[in-house]
Amino acid sequence: MSGKRHKKIKLIGKQIIKSCPIWSPKAYYNSDEVRRWSEIITINKIRERVKEAEKGTIFTLTDFLDLANFDAAKKALSRMGKSGELIRILRGIYKSPNYNEFLKSEIPASPDQIARAIAKEQNWTIGPKGDAALNILGLTTQVPAVYEYIFDGPYKKIEYDGIKIQFMKSSNKNISGKTYKDDSDYRSNKDIGAGWE
């Protein structure tokens, strides 16, 4: 076989391989079919974790980053929210359904659950303040008009379904090293005049 003919055959062979996805790993792994199966596997993993949790559990994207990357988890949660498998509370925050047969209604997430979910998603350290601390600890049945929290970030206000949650910046020394319960006790005792400093 002449050199020119050999080169021509070799060139034609390369063109055939490039045009055929089965011989192209890159084209194969980027194909719509593979992406579709990848999404199915991801959503099934997330679905199993949700099923294993208690009804009414709050979930954020960070709860699933060991199962999928950020974009895949976000897409899966969005699909589950649209299908009714999850209830969307805020962007990136969902809860599993918790329907009460006696009341014939869905039990909503509490303001404190939402505040703690936001803190987890943003990697904040928070502690309830004022009436919120008293209410969370069961020291009052009065429902705060605004749920206030101190935290280690810039001021932020969230409104959801008529609930107002306010995050107020505080120095790290006021909240670092304390558990959520410790800080609730501390804030409530200050508010009822126990003289904690």
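Analyst: A nonpolar core is a set of buried Ala, Val, Leu, Ile, Met, Phe, Trp, Tyr and Cys residues joined through side-chain atoms within 4.5 Å, where buried means under 20% relative accessible area with a 1.4 Å probe, protein chains only (exposed is over 50%). This is a predicted model, with local features needing pLDDT of at least 70 and side-chain atom pairs pLDDT 80 or more, while totals for chains, interfaces and linings use all residues. Numbering runs from 1 along each chain as its sequence is written, and side-chain values use heavy atoms, without hydrogens or water.

User: Which residues have the most contacts inside the largest nonpolar core?
Analyst: Nonpolar side chains tend to be buried together in soluble globular proteins. The largest core here has 20 residues. The ones with the most contacts inside it are I118, I126, I165 and F167.

User: Which element gives the most to this core?
Analyst: The elements (DSSP runs numbered from the N terminus: helices, H or I, of at least four residues; strands, E, of at least two) that each supply at least two residues are β2, α5, β7 (147–151) and β9 (163–169). With 5 residues, the one that gives the most is α5.

User: How many residues are in the second, separate core?
Analyst: This one includes F64, A76, L77 and L86. The whole second core comes to 12 residues.

User: What share of the protein chain is made up of buried residues?
Analyst: The chain folds into 7 helices and 9 strands. Of its 197 residues, the buried share is 30%.

User: Which residues lie nearest the centre of the largest pocket?
Analyst: A pocket is an open set of points on a 1 Å grid where a 1.4 Å probe fits, with protein on both sides within 12 Å along at least five of seven lines; lining residues have an atom within 4 Å of a point. The largest pocket has a volume of about 360 Å³. Of its 16 lining residues, those nearest the centre are L90, R91, G92, E121 and Q122.

User: Where does the largest share of that lining come from?
Analyst: The elements giving two or more lining residues are α4 (70–83), β2 (87–90), β3 (93–95), α5 (111–122) and β8 (156–160). By class, the lining divides into 8 nonpolar, 3 polar and 5 charged. The largest share, 4 residues, comes from α4.

User: Which elements give two or more residues to the lining of the second largest pocket?
Analyst: That pocket holds about 200 Å³ of space. Its lining includes R35, S38 and E39, plus D71, K75 and R79. The elements asked for are α3 (32–52) and α4.

User: Is K104 buried or exposed?
Analyst: Most residues other than glycine have a negative phi. K104 has a positive one, about 55°, and it is found in the loop between β4 (99–100) and β5 (105–106). With a relative accessible area of 56%, K104 is exposed.

User: What is the relative accessible area of D161?
Analyst: D161 is another non-glycine residue with a positive phi, near 50°. Its place is in the loop between β8 and β9. D161 is exposed, and its relative accessible area is 65%.

Conventions: Grid points are joined across faces, edges and corners, and a volume is the space filled by probe spheres set on the points. Ala, Val, Leu, Ile, Met, Phe, Trp, Tyr, Cys and Pro count as nonpolar, Asp, Glu, Lys and Arg as charged, and the others, Gly among them, as polar.
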